[in-house]
Amino acid sequence: MGRPKKYPDELLERGAEVVFESGRPVAQVARDLGIPNETLRRYVRQVEADEGRRPQAASSAEAEELKRLRKENFELRRANEILKSASVFFAKELDPDRPK
């Protein structure tokens, strides 16, 4: 679970809307709203990715899927290592005369 958000989504949404509609720089809008430039810039970029304005960036849905797949990959690799270890153990148990 991530840390709680410091700035409400409504404020960031409004800031992104102002950036898109007015064409003003993110830094200027962020200063007017009293939030850090980087916070608003990241939010604006994520909105652009989600709306398809920034095709090279991953959308929120893609980022969530990637996170889920990485976790699943980790679990599968771990299970595979456990199974390999178990097969070696049982192979030794079944054939005790075999050199180690």
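This is a predicted model: local features need pLDDT of at least 70, side-chain atom pairs count only at pLDDT 80 or more; totals for chains, interfaces and linings use all residues.
Local features need pLDDT of at least 70, side-chain atom pairs count only at pLDDT 80 or more, and totals for chains, interfaces and linings use all residues. Residues are numbered from 1 along each chain as its sequence is written, and side-chain values use heavy atoms, with hydrogens and water left out.

Helices here are DSSP runs of H or I with at least four residues, numbered from the N terminus. The axes (lines fitted to C-alpha atoms over the stretch in contact, with angles from 0 to 180 degrees between N-to-C directions) of α1 (residues 9–22) and α2 come within 10 Å and cross at roughly 140 degrees. Contact (heavy atoms within 4.5 Å) involves L11, G15, V18 and V19 of α1 and V26, V29 and L33 of α2. By class, 6 of these residues are nonpolar, 1 is polar and none is charged; Ala, Val, Leu, Ile, Met, Phe, Trp, Tyr, Cys and Pro count as nonpolar, Asp, Glu, Lys and Arg as charged, and the others, Gly among them, as polar.

Turning to the next pair, α2 (residues 26–33) and α3 (residues 37–51) have axes that come within 8 Å and cross at roughly 120 degrees. Here V26, A27, V29, A30 and R31 of α2 meet N37, L40 and R41 of α3, a contact with 5 nonpolar, 1 polar and 2 charged residues.

Finally, there is the pocket lining. Helix α3 supplies its largest share, 4 residues, and the lining of the largest pocket divides into 4 nonpolar, 3 polar and 4 charged residues.

Technical notes
Helices (H or I, at least four residues) and strands (E, at least two) are DSSP runs, numbered from the N terminus.
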